[in-house]
Amino acid sequence: MTTTTFSRKLLALLLALLLALGTVGATACSSGQPGAQDAAPAGGAPADTAPAATSDATGTSEGVQTAYVTYEEMLARASALSDIDYALAFELDGTSETYALTEEVSFSAEPGAESFIDARLADIGSIELNGTELDPAAVYDKEHGRILLTGLEAANTLRLTATNGYSVSGVGIMREAPPEDEGQTFIYTQHESAYAQSVFACFDQPNLKAHFTLSVDAPKQWTVVTATDPVGEPTENGDTRHWEFAPSPLMSTYLSSLIAGDYVQVTSTYEASDGRQVPLGFYARPSVAEGADFDAWFDLTKAGIAYYEQAFGTEFPYEKYDQIYVPNFLWGGMENVGAVTLHEVYADSLFERMYNDITILHELAHQWFGNLVTMEWWNDLWLNESFAEFISLRAVAALTGNDDYLIYGQDLTRLAAVDQDQGPATHAIASDSDITIEQSDANVDNITYAKGSMALTQLHALVGEESFRSGIHDYFAQHAEGNARLSDFIAAFQPYADIDMAGWSEEWLTATGVNTLAPVVETDEQGRIERLVVTQAAEEYTGGANTPLLRTHKLEIGFYDLVGEGGAERLVLRDAHEVLVSGDETEVPAVAGAERPDLILIDHAGADYSKVVFDEVSLATLEQHIGALDDPFVRTLAVFDLMQMTRDLKYPASRTLGVIADVLAATRSPYEIAVLSDKSLDGAAMGADLYSLTADENLGRSTGAVADAIVDALNAGVFDAWGEDTIMPVLVCALRSDSEKSIAFLREVMAGTTVWRAPYIRFGALNTLIAAGQAGAEDIDALIAELGADEPEIVTLSERSRLRFPTTEVRRSLLDTYFSGKEMSFAEADATWYFYNPYVRYPDASEVYAGLDEVYFERLQSVIENNSNAISTTLVQNFYPFGLAGQATVDRTDAWMAAHPDIEPTLLTHLERIVKNQKNALLARELDAQYAS
């Protein structure tokens, strides 16, 4: 599964920018006409009306469901049950709010044993165990989602019938009917971590693998997809067709799937390393398929399978491989065996295509890591996700030859993981064995993905390519179609590693925290190095679970010299020195006697997971000559290191922004500009939240310099090839700046005098100007008059623009509508980001949000109790009173958390993280003021 670290990281860069700009909703337009789909909040409700109360139609609210199988129950059930087969018959149609289920589960057990099967179904009609009818009211514990099974025999058959509803929370079974595909319906499932039980009754734990045989009755024009191909042609019966599917290979319940609806299908074939012809398919809604580059994605899929077969020494493990783009998806992608689901926003345009490529290869890697070999329990989720992240980033760089992917890898891994690893949300990569399913869901984050990927990068560097591949091959050979745990991974790799794998695991997998590396340079009178030492520190985060630990790091130190003059300077790599850093000091004797370089860049190849502090000479070089670094990867790596220094209050934010502005002025890489413009203005990335900091005149000038550099790139045509549906992430440059150049540029976009003339883009520029106090109702009226008052898209866009006015009345109406405590769908919650707390400098923000923090904290518990974890987390973040960012709001948040210690741990951690960033922002502003004075 790919995540956007929501913290869902793979969507974060794109969607946060899109949603912040306020012109598109939770799903970016995939039809080439963003306004048509996204002018209203997801679900189609007008932006200024309250959402209807919603539920999962399962009879219980996901917001209060916490009684999933425990670690101890998992062990007991795994020892008591075996040989499981599911026969599932679904009756679907395009209009009903429910579907019918007939199910038969065959399994072996210890005679006389008692157990339970997980089920969170709305209405169970009948239950039969081994031929005996059971009373659902007596054996179905609906509150805890369990059907009690007693008097089990050696061989058992459980049959049941049920009517169940569709989910709105993003997990379980979803039914979507987007307006741009009028009259068409799209169904899909999302079962990770333990949500298959909300679709059918099952033993919902990863180490009880089973075979699944599906039959489906559905409208005859629909396409139906699952883990296997149909057996023969579907048979017609009036307006419906009946589909029978072949039994699946062994797999965990969370990897099963059902996708059905009016999807468009395209096909191809891959010849596997063992000579098999593997059918391949892509599916999408018709409006998405229109602009999809399926040929390119088939080519990437085929190249990816070949790459992994060679890297893993194991052929592709399944008989077919389908990939389905689905609407309103909770994640970036999900690795269902043979039927991967993908967020359709990735299918849209050039900027998204990079994420699409990475997601395709990430989910493909899961067919081995996670599917062929599955973790035994959720504490070893890293065995799935860290490996998929690590190998997919290597694969995408190798298969595309695109340096932009290397920049993305650093954005995704080091910067993202370090941020989380220093706060209350940190945890070990490999968690404690008794982790709950709820805790596991919270661990779908930048530790499990990004830090885990970097840890494997370090392991690869330590043991070498050949040994690493041998370890992977043995891991698959020993555990294929089964389950594994951390000890199995160590045992598979140890014969090929000349390091103590258990010791490495303790350093990298079971300890938390990040190390800080810094060069200490001693030179003689001629400027030659007498001694170079790399110091290592482990900082303890006192508010969380960090464990101070000095690790072993294998990395390269790059020496860069400034050559040339008169505006033609270049920072050129003189040489690189491989170093094994361990303990608190590591001397580098190989450089003694060398002339001191202008820039010393620790880990210049990006193979390590650490924070880097620059020496004074290197800092001066970066401040004056960062644009002279020719390699975009090295440039962004240096900038990310500066951001960490800013986050750690070791370097002022205004100076970091100044360096970034120089990079943006020097580069003509659209992707580098897009990444750095986002990260330079991201409070979490720099520990200097711009909600607070842009009120500072010194920082305002630096922010303006960044924005102006991006405007210059836009005006120079750097982004012309991206097209209108991809330019939005770059226009974010004007959101945190009121420089004259930015305002003038936005006015040009609004007026339609630039190359980007689509209505949603012009309204986006207008929205930004409104929120900054630079436009008013008359500008909305003028744009409506020009573009057509009767056009539905224009009407909805204009309604959203009126929600951007920086007034307390508008903010309060939105708070009343969406932060009311009613149960909401994930799509509705996710669409709230851009219109309540836009990334913008509200004039007199403290007055605009005056009193709204009281409403927020009064309703917070109700919002949490009545919604699922994913939805609650989204709402907690989106409606937090950032407009009042300051000590008083921080104190109030601290007080609320102290008064509610029993609130779900992941949500409490999320609030703690917000507060930590706010506290850091206040300290960072003080630091910047000291440097400015």
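Analyst: Two strands pair if DSSP finds at least two bridges between them; strands (E, at least two residues) and helices (H or I, at least four) are DSSP runs, numbered from the N terminus. The model is predicted, with local features requiring pLDDT of at least 70 and side-chain atom pairs 80 or more, while totals for chains, interfaces and linings use all residues. Residues are numbered from 1 along each chain as its sequence is written, and side-chain values use heavy atoms, without hydrogens or water.

User: What makes β12 and β15 (residues 240-244) a pair of strands?

Analyst: They share 5 bridges in the antiparallel sense, and the criterion is at least two. In β15, T240 is the bridge partner of P219. Strand β2 (residues 81-91) also pairs with β12, in the parallel sense over 8 bridges; there, I84 has A210 of β12 as its partner.

User: Why is strand β12 (residues 210-219) described as largely enclosed by the rest of the structure?

Analyst: Of its 10 residues, 7 are buried, so β12 is largely enclosed. Buried means under 20% relative accessible area, exposed over 50%, and partly exposed in between (1.4 Å probe, protein chains only).

User: Why is the pair of Y99 and Y166 called tilted?

Analyst: The structure holds 43 aromatic pairs. For Y99 and Y166 the ring centres are 5.6 Å apart and the planes stand at 50 degrees, so the pair is tilted. Rings of Phe, Tyr and Trp (its six-membered ring) pair with centres within 6.5 Å; planes under 30 degrees apart count as stacked, over 60 as edge-to-face and the rest as tilted. Both Y99 and Y166 are buried.

User: How do you know that the span of helix α33 (residues 887-899) agrees with what it should be?

Analyst: The expected span is 1.5 Å times one less than the number of residues. For 13 residues this gives 18 Å, and the end C-alpha atoms are 18 Å apart, which agrees.
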